[in-house]
Amino acid sequence: MTKEPDRLFAQPLSQVPDFAFNEDVVRVFPDMIKRSVPGYPTIVENLGVLAAQFAQPNTTLYDLGSSLGAVTQALRRHVRTEGCQVIAIDNSQAMVERCREYLNAQNSMFQELLPVTVIKGDILALDFKPASVIALNFTLQFIPPAQRLELLTCIHQALVPGGALILSEKLRFEDDQQHDLLTDLHIAFKRANGYSDLEIAQKRSAIENVMKPDSLEENRDRLLAAGFSKVVPWFQCLNFASMIALP
Ligand SMILES: Nc1ncnc2c1ncn2[C@@H]1O[C@H](C[S@+](CC[C@H]([NH3+])C(=O)[O-])CC(=O)[O-])[C@@H](O)[C@H]1O
Ligand SMILES: O=C(O)C(=O)Cc1ccccc1
């Protein structure tokens, strides 16, 4: 993984453009996500462990909104189930190109990894194969809210018995005091990771139009409406959480 530090919002911008997963972001993405999302390394590593419990023989494992393929790499390191393949999909050309490079590097470092296909495409237009593990790791929050239920319904239909959706999201909180406290603590987390107040403020204004978090209750209700039978939160660090949804 590249070591380039994220300084994208370090200088004052006269107008902060909407956040996009372009080449500038791709270059600093591993540093950006680790310093911005509390618990991210723990979630990614454990996603592989969880996936190994849900993977079913001869099915597909999906990494939806794969970015640089961190989740795909964890799936390939942990899952040994017979006849499985991984499909990683992202609609950012810059992400997909760099993701393929990282996965080629992983191929040359390890043996007996699951086969992987990286697709440049829109997860809203995906024709799902029978799947046992579907990961949406901080991707649903970037999907327009009106399209989230339909996507989750397609995901539910694709899952085989014994499989699971693993959904990680930034959370909003319905209680204002709880929301403000965890937002302040997230800002403190970013500051402790070396971001200045200017960087934090400009990043927030870049993402506020493109990333719309829901509450845990909204996520749970939507998953149940999509047909899932059970929603089990398995991790939360400040305002970032991950859930297992069973078909
Ligand atoms: N409609 C869409 N179709 C396909 N991809 C999309 C779409 N919308 C957004 N994306 C992609 O979803 C990813 C979200 S980042 C995921 C992190 C990764 N999962 C990780 O575990 O490292 C989250 C973050 O940066 O907070 C980006 O790469 C987008 O291009
Ligand atoms: O940076 C933030 O405040 C976030 O909420 C998460 C994030 C991380 C990486 C890209 C976009 C959003």
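In this predicted model, strand 4, helix 5 (residues 148-158) and strand 5 come together as a right-handed β-α-β unit. The two strands of that unit also pair directly: strand 4 (residues 131-137) and strand 5 run parallel and are joined by 6 bridges. One pairing to look for is Ala135, whose bridge partner in strand 5 is Ile166.

As for burial, 10 of the 12 residues of strand 5 (residues 159-170) are buried, so the strand is largely enclosed by the rest of the structure.

Now to the annotated positions. An unreviewed UniProt entry lists Tyr40, Gly65, Ser66, Ser67, Asp90, Asn91, Asp122, Ile123, Asn137 and Arg204 under "binding site". These residues span 165 positions in sequence, and the farthest two C-alpha atoms are 25.0 Å apart, so they do not all gather at one spot.

Asn91 belongs to the loop that links strand 2 (85-90) and helix 4 (93-109). Its relative accessible area is 52%, so Asn91 counts as exposed, the cut-off being over 50%. Arg204, by contrast, is found in helix 7 (residues 197-207). Arg204 is exposed too, with a relative accessible area of 54%.

Note on methods. Residues numbered from 1 in each chain as written. Chains lettered and ligands numbered in written order. Predicted model: local features only at pLDDT ≥ 70, side-chain atom pairs only at ≥ 80, totals over all residues. Heavy atoms only, no water. UniProt positions renumbered as here; feature names shortened; annotations may be inferred. Helix = DSSP H or I, 4+ residues; strand = E, 2+ residues; numbered from the N terminus. Buried < 20%, exposed > 50% of the residue type's maximum accessible area, 1.4 Å probe, protein only. Pairing = 2+ DSSP bridges. Right-handed = clockwise from strand over helix to strand, strands pointing away.
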